Amino acid sequence: MAAAGWPVVLRKSGGGACPVGPGTVQVATIEPAIDGVTMNAKYEALRNLIQSALHFYGVCAQTGTVAHAYCPGGYDLAIHDKKIAGMSQHWFRNRGGIRCVITTASINIEEEPAVLADVVNRFYSGAGSLARCLPAFLTSLRLSGGATAVATPDLAPAFMKRLASFAGWHGDVASHFSVNSGPPSPLSLTRHN
Amino acid sequence: MADVVVPEGLWDTEKTPEGIVANWFARDGNAVDAGATIAELMVEKTTYEITAPVAGRLRILTAKDGVVRPGSVIARIEES
């Protein structure tokens, strides 16, 4: 995979293979896990934020598993049954003994669905898995967005700034998001022993 | 003897009825320290690290890939 420009990295949060490239935006929040907080509440908070930012670009994304997409999960965001974003979490104790939760999302802003599906399927094949991702169940903001998206040339950084503004995050946007500026493009996986 | 418990109410079981023990990081019978990460759950694309509530000898009740729900007792620790 690395030789093809898609090195594989293992992530701590859950889920399957998730392709990451210059046209995707990754966002992660990290918070103390206060008593009574649930996995669902954390997913819903980030989901709501992403939905608001997508809505700015003319997209109404619905929550639900897109079974034939990469890394399917109950908090996938889809437009007409085509996945545009997905989320995962990791709960752990930090060095100070405080339980924390990281909630992450990967949003496809302008990667071609066929390219992403091909990368994931090559990984599946190489790993001996029968799982397959179908490009017909993927989309991007560039493909599905309204006039505002179409009129924005650098859509990924613009989307990051919009997301940050909705979240009330200040300062250097890049400090809140991972910025993919070109190859190599990692294929993010979750470790399973 | 202390129970190693999946926290009550950790997830909405109406949406996701159950999870699994994805990994054990200590073997049955091993001595574990209080606060050590001894297992990992997987629920709805969430990895959840389970830590030992006390020090002692681990007795695993739910094997790797076994099903868990909020409140499940997945192991006990014989306090030393």
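Colleague: What is the area buried between chain B and chain A?
Modeller: About 1,800 Å², with carbon and sulfur atoms giving 47% of that area. Buried area here is the accessible area (1.4 Å probe) that two parts lose on being put together, summed over both. B:Lys45, B:Thr47 and B:Glu49 supply 35% of what chain B buries against chain A, more than any other three residues.

Colleague: Before I go on, what should I know about the model and the numbering?
Modeller: This is a predicted model, where local features need pLDDT of at least 70 and side-chain atom pairs count only at pLDDT 80 or more, while totals for chains, interfaces and linings use all residues; side-chain values use heavy atoms, with hydrogens and water left out. Residues are numbered from 1 along each chain as its sequence is written, and chains are lettered from A and ligands numbered from 1 in the order in which they are written.

Colleague: Thanks! How many residues of each chain are in contact?
Modeller: On chain B, 18 residues are in contact with 29 residues of chain A, contact being heavy atoms within 4.5 Å.

Colleague: And how many salt bridges are there between chain B and chain A?
Modeller: The count is one, taking a salt bridge as a side-chain nitrogen of Lys or Arg within 4 Å of a carboxyl oxygen of Asp or Glu. B:Lys15 forms a salt bridge with A:Glu44, and their closest N and O atoms are 2.8 Å apart.

Colleague: Which elements of chain B give two or more residues to that side?
Modeller: Those are β4 (37-43) and β5 (46-51) of chain B; strands are DSSP runs of E with at least two residues, helices runs of H or I with at least four, both numbered from the N terminus. β5(B) gives the most, with five residues.

Colleague: How does β5(B) run relative to β6 of chain A, parallel or antiparallel?
Modeller: They run parallel, with three bridges joining β6 (residues 82-93) of chain A to β5(B). Two strands pair if DSSP finds at least two bridges between them. A:His90 stands opposite B:Thr47 in β5(B).

Colleague: Switching to chain B on its own, what is the strand order in the open sheet of four strands?
Modeller: The order is β1-β8-β6-β3, with antiparallel pairing. β1 (2-5) and β3 (31-32) are the edge strands. Inside that sheet, β6 (residues 56-60) and β8 (residues 73-79) of chain B pair over five bridges, and B:Leu58 stands opposite B:Ile77.
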